[in-house]
Amino acid sequence: GKCEKVDREKGKMVVPAAAAPGAVRMDISKAHSVFYLPCLRKVAKHLKFLDLVSAKVNDPTVDVYWHDQLHHPITKFHICRLGEGQTMNRFINMQNMARKNTLAKRLNRLETLFPDDYNFSPQTWRFPHDVAHFKKAARKLNQDTGEACYFILKPDNGSKGQGIRLAEHGRVLKTWAQMSVGVQQDDEPDDDDDECSPNKRKKKDKRKKDRKCKKVPMPNFLEGQGRQVCTQEYLEPYLLGGFKFDMRLYVILTSVNPMKAYLCRVGMVRKAMVEYAPPCASNIKQMHMHLTNTSLNTKFKQEDDSSDDESEDDDDDDDDDDDDDDDGDDDDESEEDEDDDDDEPADCKRFLADVMEELKRDGVDTKVLWQEITRIVQLTLNAIHPDVALSYSTAFQKSPANHEMMFRNAKRPPRKAAPSSLPTG
């Protein structure tokens with residue numbers, strides 16, 4: 001069936017004609033018009049049996065409800081109103097589990113119980129809850145290494161690289177205090193300093209001086225004050241052609257009790273745009289070197305080329321299920337703008353298969369690498385399973401939660417019960 005279009009002037013969905021016999025009807029009235037709706041339209045064009053509609057609640061003709069509006073997360077109210085045979089694209093409580101501090105709490109807890117298995121994540125502290133622990137651990141880490149240690153601070157509900165800071169050991173708490181009150185980083189460069197008149201330049205210099213002299217009060221972390229920030233030890237990365245990179249992989253969770261998930265072998269690799277150098281006082285504010293977010297590095301390309309076109313492909317940006325971005329329903333981008341990838345830097349994003357071939361030529365055992373990736377996915381699902389299963393069982397009380405968890409195909413043998421296997425495909 002045809003995809004519906006959005007009437008921008010009236011702000012309403014134009015519902016297409018009745019679905020063909022045997023078609024799967026998907027309600028997209030709660031789909032994000034910028035991030036997911038264009039992707040759903042592309043899928044519907046290839047899958048002739050999929051009809052996208054804007055339906056009312058409890059419509060018995062709908063087969064799948066698509067819900068991704070982050071400011072209205074899925075609750076028991078949505079789940080309990082599903083009819084027989086109807087499904088939804090998200091599990092209840094999954095959005096909360098995907099937040100940085102929430103996931104870090106689960107991983108840290110299991111690292112204490114299974115130190116040989118949960119050793120894939122850098123040391124992580126949840127501010128303000130773990131500030132006292134951070135002071136002790138960071139001081140010891142700094143003494144053991146004998147050189148300045150750097151840490152990366154990420155807003156708990158952030159995305160697209162926004163608000164991320166790097167700080168040396170002695171300035172972490174001050175940086176967190178600045179993030180808590182919304183103060184900008186010191187000595188931030190002004191691109192138009194050379195074009196300013198002498199009077200304007202003096203005013204800017206005065207504002208900078210006042211900002212330096214102004215003391216930011218330290219939040220009382222003992223009372224839980226301060227912004228929720230995920231603080232991690234900054235590790236030296238494996239480089240791809242001298243640039244920092246990461247792999248974006250996709251996992252679909254189809255069942256909670258028992259847990260069943262699939263790991264897709266088709267993924268993306270995101271690269272930084274500035275050649276990597278170890279963090280130091282002169283480059284910790286160069287986010288295009290230390291971060292791989294697509295939105296951030298796309299803007300870097302546009303700035304270098306003095307391009308006025310700021311079109312971005314946000315489908316592959318962070319974020320995930322735990323950001324606080326604008327809803328985007330009032331965005332006026334056309335379908336042509338959404339599908340246009342010409343403005344993306346050639347090295348900003350690459351296909352995972354191409355990078356795997358390059359790593360294989362460099363001597364990396366990609367089979368072992370993929371096995372390790374699969375193991376990490378299994379362990380991460382194990383960390384969030386109890387919370388997701390409990391939320392799921394409360395919504396469907398007639399279906400008791402199955403807490404049998406075991407490692408299958410995991411490289412290291414388990415010492416206790418753990419999650420089910422993760423088939424790949």
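The model is a predicted one. In total the protein has 12 helices and 16 strands, and buried residues make up 41% of its 425 residues.

- Strand S8 (residues 150-155) and strand S10 (residues 229-233) run antiparallel and are joined by five bridges.
- Lysine 154 has cysteine 230, in S10, as its bridge partner.

**Packing of H4 on H12**

- Helix H4 (residues 100-113) packs against helix H12 (residues 366-395) at an angle of about 110°, and the two axes are 9 Å apart.
- H4 is therefore roughly perpendicular to H12, since angles of 65 to 115 degrees count as such.
- On the H4 side the contact involves Leu103, Arg106, Leu107 and Leu110; on the H12 side it involves Thr380, Asn382, Ala383, Ile384 and Asp387.
- By type, the residues of this contact are five nonpolar, two polar and two charged.

**Tyrosine 118**

- Tyrosine 118 sits in the loop between H4 and S7.
- Tyrosine 118 counts as buried because its relative accessibility is 2%, and the cut-off for buried is under 20%.
- Beyond its neighbours within four places in sequence, tyrosine 118 is in contact with Leu107, Leu110, Glu111, Leu379, Asn382 and Ala383.
- Among these contacts of tyrosine 118 are Leu107, Leu110, Asn382 and Ala383, residues that also take part in the meeting of H4 and H12.
- The C-alpha atom of tyrosine 118 is separated by 8.2 Å from that of asparagine 108, 10 residues apart along the chain.

**Nonpolar cores**

- In soluble globular proteins, nonpolar side chains tend to be buried together.
- The largest nonpolar core has 22 residues, and the members that touch the most others are Leu253 and Val388.
- Helix H3 (94-97), strand S14 (260-263), helix H11 (352-361) and H12 each supply at least two residues of this core.
- H12 gives the most to this core, with seven residues.
- Leucine 253 touches Phe91, Met94, Met259, Lys260 and Ala261, when residues up to four places away in sequence are not counted.
- Another core, of 16 residues, lies apart from the largest one; Trp125, Phe127, Phe134 and Ala167 are among its members.

- Leucine 381 is located in helix H12.
- With a relative accessibility of 12%, leucine 381 counts as buried.
- Leucine 381 and alanine 261 are 120 residues apart along the chain, yet their C-alpha atoms are separated by 8.9 Å.
- Across the protein, 67% of the contacts with a separation of 6 or more are between residues 24 or more positions apart.

Key
Residues numbered from 1 in each chain as written. Predicted model: local features only at pLDDT ≥ 70, side-chain atom pairs only at ≥ 80, totals over all residues. Heavy atoms only, no water. Pairing = 2+ DSSP bridges. Helix = DSSP H or I, 4+ residues; strand = E, 2+ residues; numbered from the N terminus. Axes fitted to C-alpha atoms, helices over the stretch in contact; angles between N-to-C directions. Parallel < 35°, antiparallel > 145°, perpendicular 65-115°, else oblique. Contact = heavy atoms within 4.5 Å. Nonpolar A, V, L, I, M, F, W, Y, C, P; charged D, E, K, R; others polar. Core = buried A, V, L, I, M, F, W, Y, C linked by side-chain atoms within 4.5 Å. Buried < 20%, exposed > 50% of the residue type's maximum accessible area, 1.4 Å probe, protein only.
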